[in-house]
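Have the viewer open as you read.

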Amino acid sequence: MDETLNVLVVEDSEDDVLLLVRHLRQNGLHPAIQRVETAESLRTALRTSQWDVILCDASMPSLGALGALDEVKSVGIDVPFIVVSGAVPEEHLVELMKAGAHDVVVKDRLSRLVPAIEREIAEATVRRERRQIESQLQVAIESMSEGFTLHDSEDRLVICNDIFRRMHDKSADLIVPGVTFEEIVRGGAERGQYKRESGEVEEFVRERMALHRACAGPFEQELSDGRWMLIDERRTRDGGTVGIRTDITALKNAQKELRDGEQFLRLIVDNLPIMIAYFDADQRYRFVNHTATTWYARAEKEIVGKTVAQVLGKAGYAGLKTHLDGALEGDGEAFEASVNFPDGVTRQIQGIHVPDRDDENVVRGFVAMATDITERHLAESALREREEFIRIVGDNVADAVITINERCEIESFNRSAERVFGYSADEVRGRNVSMLMPEPYRSQHDDYVASYYKTGRGTIFGVGPRELVGTRKDGSTFPLELSLGEARQGKRRVFIGSVRDLSTQRRSEFAIRESEERFRVAFEAAPHGIALVGLDGRWLKVNHAVTEMLGYEEQELLSLNFQTVTHPDDLAADIDLVRQVLDGKIPNYQLEKRYVRKDGRIVPTLLSVSLVRDSNGSPLHFVSQLLDLTEREEIEAQLIQAQKMEAVGQLTGGVAHDFNNLLTIIIGNVRLLERRLSDGDAVTAKNLAAIAGAARRGADLTHRLLAFSRKEKLEPRVIDGRELVSGMLDMLQRTLGEAIKIETRFSDEPLGLLADPNQLENALLNLATNARDAMPEGGTLTIALETDQTTEKANRGSDPRTATGEYVVVSVSDTGSGISAEHRDKIFEPFFTTKDVGKGTGLGLSMVFGFVKQSGGHITAESREGHGTTFCLYLRRAETSASLPPGAEAAPSRESANGQRTILVVEDETEVRAIAVAILEDLGYRVAEAPDGPNALAMLEEQPDIDLLFTDMIMPGGMTGHELATMAKRRRPDLKVLYTSGYTDDALESVPPEPGHGLALLRKPYEDASLAEMVRQALGGIS
């Protein structure tokens, strides 16, 4: 050990100190000694200098070894403390060692002193390195997102992170190193940490310890405050235990809310950052949330109904097949997997499969939930691979590393050095390192080293990397960067040089200067705003996109700061983020922020800000990127409107089925009663007619709602607009009252149009009613019809994509109060109304809008407050022709059936089925009936004479009407099929038409005449 040894001697005898110094020097050490003999001088020395070793006399008048040890402990440093004294009693020796002395050397046996010093210095170095490693490990563990614990083979806690303690908040003070796992569990149970029955602490502890000892795999634990943990404990090679606690409270809450209803579930799961999906027994997707559609890079409708293999591909499916099969076998497992998703991202996921069982405990599908744990997995992998990584770096360092001995002879020459200098290691080993230097450095090198040995001073050592010149084997020279260090191997010196070839860097520097000009051009041509902003907030440089966005000239902006053009409501948040960046709390930030243009308009932007620092880490300026969000906000507003319309559509579609079934029962029973009524009972006949009329109006209302929501096809036909409006005038006058005058204005040319007459009448009635409410003191309502050859007027304020063509314009104008500007853009939104509660639903104009758009037309509204309102309905023009009046139907024919044909009626609603059977029997058919598909198939086997299958489209029990018909026609290819349904058209789109025919479908509610005609057509026109 030839380096200087800093020794602090606690001794009152100068002669004894000189004795120690002489002994140390005789044994090859070079001590630098400071002597102290009081507690105060010892404290001063400990705080002002760093010491390699402390040598202390056992007893002195003012300060003994025990007192000196207390002073060293109070400072908190780890320095070898060796007692050097005369004979020490054995009991005093034990006391000193217990107090913290590392060794005791008797003065008359100083031969032990140097070995003791070298040993204790080496052990202190090891302790410091161990503490550093433990500190790094603690940082890595604390960065985990899960609770982590490590117990040794005796089940005592070695280490855990703060997340684990927070999970066990009621017993956190018990969780300290050395405590056993059972003590942690028992303490938590006694303090009510876990959810359990009172008075069962021992039983709970036994069960939990059994799971802990078995390490049986992940299991769930509910805490008393409602939180849930997923616990995974694994055995280590040395018999210890590693435990991971994942907070799965959000997952458990999501599972609970899954049972509370689909609508509420959709609201929650679409806003969760985890992927949630439901699979049936065929591993087909039946439900996915928004996160899943993002990962799969497809819309929900492109996923639902497909198998996992179809969505993920063969490779992705292969990685999950075992887990999917296990879920269908009833295993509710948690697992981790690496999956390549269609959005191009490979994710490390933590998944949970929850089997879904029916009442007979048969698995009919399962819920899959997956969390993206890629970042956590990478952190854990990095921790596990750190040691291996360090080893690989050492073996594959990019810089040339050369070691030389005291004679300047090369001892090692790594592969990078071979590449840089062109020599092999064998060619240079044992030769003077100066061979790698050009003149005059080569000739001066040995003198330079000799001077360093003599004086201890050198211009390279200790001053960091220096740029020099090296020589390759081929004689060429090149610029290099040299970092030189000195180490000891026993008593000999070893010099380590790290050489970096700067040739490429020099070429790169030239390329950088060249690229700066290209960057300047790109800066100006960038499609989004880029700006340099000073630390004081002033604009330093802006590109063309910024000036266009904010409406200022460049020089105008450079005279301002960013606060001047920031919306006042967004300024505080922006300034706070700037401070956080300057304070080093965050590296950069991004936020949505509004700017105020020079003309006063507001510009919404997405602002991204980064801080640029110099080579010393001092901040220079900010780089800001501004993305104009004006177009995005317009698109979002359109999306919100579409979602509102879809919500109403879902509501009306759900009501339609049950309501149509009820109306079918009412109308069918009325028709049957009418036939059985005696000819003289006029009052009953009138009442029955009233009931039938009300039911038809109910059916008409259902069709209107469905048409408004665009869930059902309309029944358009050619209408003479003049006749339709004229026919409504009496009804409109009675509805509006005498205070309102109705005027009409028709052009002389033909006014034929293509529309559903019932829906058009309802639209005009809605507009007229709104006009009446706008004219409480009376006024004039004008209904006008004219033709329009262009769409320029129609498209103003409407959908610019509307097709061009000829239209009949039906306009409704009033002289009322008009519509305010703030409400004008909202009038067609569903549920929007300015009327008092109970006086309006907000659906009237929305229904008009839906009818017109579904009819292939468009609608405009022009209004000024105090000057009235005009609505214009643009409907497709057509040539007028005679058409069947609404509601007219042919009378049912009963004479031709004669019981020669048999019809099987399949309907799950008992009363609806009874009505259909009664009507068909009254028409003269033989009728069989079944409540569902399986029973119907059995009847078809038993009764081979069935000619027609009359089936509801949507039925419970797992078999639809279409599936029933498909299976029936496989057995009976000649069997005729007639469908019926009260659902919307959306539910029927997947049903293919009969070959050579359209889809034979009778919509609910239906009457006997409609049923008779459809049956006759389905049987080929022969009853």
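Two strands pair if DSSP finds at least two bridges between them. With that in hand, take Ile783: its bridge partner in β30 is Val812. One caveat before going further: this is a predicted model.

**The sheet**

Another residue of interest is Ser811, which has Cys872 as its bridge partner in β32. Zooming out to whole strands, β29 and β30 pair in the antiparallel sense over eight bridges. Strand β30 (residues 807-814) and strand β32 (residues 869-876) are antiparallel too, with seven bridges.

These pairings belong to an open sheet of five strands, in the order β27-β29-β30-β32-β31, with mixed pairing. The edges are taken by β27 (740-746) and β31 (858-863); each has a single partner strand, so one side of each is left without a neighbour in the sheet. From one strand to the next, the twist averages 15°.

How many of the eight residues of β30 are buried? Eight of the eight are, so β30 is largely enclosed by the rest of the structure. In a regular strand, side chains alternate between the two faces of the sheet. For β30, both faces are covered. Tyr807, Val809, Ser811 and Ser813 are buried on one side, and Val808, Val810, Val812 and Asp814 are buried on the other.

Helix α23 (residues 721-736) lies across β27 and β29 (779-788), and runs at about 175° to β27. Helix α24 (residues 757-774) lies across β27, β29, β30 and β32, with an angle of about 175° to β32.

**Two helix pairs**

Two packed helices are described by the angle between their axes and the distance between the axes. Here are two pairs laid out that way.

| Helix pair | Angle | Axis distance |
|---|---|---|
| α29 (residues 933-942) and α30 (residues 961-971) | about 15° | 10 Å apart |
| α28 (residues 910-922) and α31 (residues 1008-1018) | roughly 70° | within 10 Å |

Angles under 35 degrees count as roughly parallel, and α29 and α30 are therefore roughly parallel to each other. Their crossing is right-handed. On the α29 side, the contact is made by Gly933, Ala936, Leu937, Leu940 and Glu941, and on the α30 side by Leu964, Met967, Ala968 and Arg971. Sorted by type, the residues of this contact are six nonpolar, one polar and two charged.

For the other pair, the range to know is 65 to 115 degrees. The crossing of α28 and α31 is right-handed. Ala916, Ile919 and Leu920 of α28 make the contact with Asp1008, Leu1011 and Val1015 of α31. That contact of α28 with α31 has five nonpolar residues, no polar ones and one charged.

**A histidine elsewhere in the chain**

Last stop: His151, which lies in strand β6 (residues 147-151). Is His151 buried or exposed? The cut-off for buried is under 20% relative accessible area, and His151 has 2%, so His151 is buried. Which residues is His151 in contact with, leaving aside its neighbours within four places in sequence? They are Arg156, Leu157, Val158, Val179, Phe181, Ile184, Gly240 and Thr241.

Note on methods:
Residues are numbered from 1 along each chain as its sequence is written. This is a predicted model: local features need pLDDT of at least 70, side-chain atom pairs count only at pLDDT 80 or more; totals for chains, interfaces and linings use all residues. Side-chain values use heavy atoms; hydrogens and water are left out. Axes are lines fitted to C-alpha atoms, for helices over the stretch in contact, and angles run from 0 to 180 degrees between N-to-C directions. Helices (H or I, at least four residues) and strands (E, at least two) are DSSP runs, numbered from the N terminus. Angles under 35 degrees count as roughly parallel, over 145 as roughly antiparallel, 65 to 115 as roughly perpendicular and the rest as oblique. A crossing is left-handed if the near helix is turned anticlockwise from the far one by less than a right angle, and right-handed if clockwise. Contact means heavy atoms within 4.5 Å. Ala, Val, Leu, Ile, Met, Phe, Trp, Tyr, Cys and Pro count as nonpolar, Asp, Glu, Lys and Arg as charged, and the others, Gly among them, as polar. Buried means under 20% relative accessible area, exposed over 50%, partly exposed in between (1.4 Å probe, protein chains only).
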